[in-house]
Amino acid sequence: MDKLAIDGGLPIRTKPFPAWPIYDELEERLILEVVRSGRWGGHAKLSELEEKFAAIHDAKHAVSVANGTVAITVALQAAGVQPGDEVIMPPYTFIATASSALLFGAIPVFVDVEPDSLLIDPEKVEAAITSKTKAIIAVHIAGAPANLTRLRAIANKHGLRLIEDSAQAVGARWDGVGVGAQGDLGTFSFQSSKNINAGEGGMILTNDQELADHAWSLANVGRIRQGDWYQHERIGWNLRLTGLQAAILLGQLSRLDDQMERRERNAKLLTELLDDTQGVRTLRRDPKITRHALHIFMFRIDPDLTDRVNKADVIRRLNAEGIPVGFGYISLNQNKAIINETKKWTGEERVYSCPNSERACDKEILWLSQNILLAGEPDMHDIVAGVRKVMASFQ
Ligand SMILES: *Cc1c(COP(=O)(O)O)cnc(C)c1O
């Protein structure tokens, strides 16, 4: 028997959405080249990838690394962040934004997000700066660049480093310029859910030669670029990406523009239709976001409904209609592991109140993942039909 919707009727949709990843003979050919070269580590495709990736984001330098988490750790350390230093960041993000700091004793300080964009609120950043603050991490959540103009100005005013966690924002642009190197350093992830992926992988971008060399050294067991093999000038990790991953990433990058255009087109349609739908609201998009990477399409349950409409229930009903909406994050300021680890390093139980992030996580925000935005126009109408049916059931 077919699966039924929660109301006992037939679901709006039974057809699957596009699977992820998308690949073809190109990735197969590129990876075979690396296999047959016998150079599975330091293959020339790694520098080709770094150059291409930097160019896409208007950056001068790129350093490839093993994943997006260590990319942030390396960026923080290259930027001079030390154990005990404070790093300002939003709580509405993946745990890696905070754990990358805590893993070497740097302390996350949470500043709430704007309620209508879910990006860090620049107006609240200055109040969180102390004598221990060393850096701000701007997280381009869902692929939407945070306000880099304001954050850059605040960082400059207070002598702080600005790091862009761009894990979800490959190809995104703020005010016409690529993300990643508008801060001192920017980091990316190629983990399998991300818009450009090789199973795992990461990248660091910067316009500063010294920061690039420092990051490279930290990711290459403390070597220096022109040095001897057994010349280690500092203590570093081995965080290198392989040639096999570079091959896949070059293949994936060849589709970036087409996929970004398709997501943008579908997101525009979804936004128009959902703006015209009872019970839900779309997010505000800053006009300076000249290109949104749309790693996630987020929309929210109407705040006027959330005292009687439960987010998990809405998701259960939508999923039963064949609409693969997800729940998303738990606000990081409430994560026990982060609270405990922070206490371990500071001796204090630090409690942050971030009502906008908490409300978004617990009651309001719904996720559609990027691959869904690669479907066709009729599929977007299916999604909205599902949302309208479910939200009408609460009227
Ligand atoms: C995925 C992600 C990371 C971590 O990247 P990994 O490659 O999984 O280590 C960091 N920050 C954000 C916002 C992410 O979405």
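Biologist: How many aromatic pairs does a search of the whole structure find?

Modeller: A pair of aromatic rings is described by the distance of the centres and the angle of the planes. Rings of Phe, Tyr and Trp (its six-membered ring) pair if their centres lie within 6.5 Å; planes under 30 degrees apart are stacked, over 60 edge-to-face, and the rest tilted. By that rule, the search of the whole structure gives six aromatic pairs. This is a predicted model, in which local features need pLDDT of at least 70 and side-chain atom pairs count only at pLDDT 80 or more, while totals for chains, interfaces and linings use all residues. Residues are numbered from 1 along each chain as its sequence is written, and side-chain values use heavy atoms, with hydrogens and water left out.

Biologist: Which parts does the pair of Y92 and Y329 tie together?

Modeller: Y92 and Y329 are edge-to-face, 5.4 Å centre to centre with 80° between the planes. Y92 is in the loop between β2 (86-89) and α4 (96-102), and Y329 in the loop between α10 (311-320) and α11 (336-346), so the pair ties together parts 237 residues apart in sequence. Helices (H or I, at least four residues) and strands (E, at least two) are DSSP runs, numbered from the N terminus.

Biologist: Is Y92 buried or exposed?

Modeller: Buried means under 20% relative accessible area, exposed over 50%, and partly exposed in between (1.4 Å probe, protein chains only). Y92, at 1% relative accessibility, counts as buried. Y329 is buried as well, with a relative accessible area of 12%.

Biologist: What are the distance and angle for F110 and Y352?

Modeller: F110 and Y352 form an edge-to-face pair, at 5.7 Å centre to centre and 85° between the planes. F110 is in strand β3 (residues 107-110) and Y352 in the loop between α11 and α12 (355-364), 242 residues apart. F110 is buried, with a relative accessible area of 7%. Elsewhere, F53, F188 and F190 form one aromatic cluster.

Biologist: Which ring does the charged end of K311 sit over?

Modeller: A charge sits over a ring if NZ of Lys or CZ of Arg is within 6 Å of the ring centre and within 35 degrees of the ring normal. The charged end of K311 sits over the ring of F327, 3.9 Å from its centre. R13 lies over the face of F17, 3.8 Å from the ring centre.
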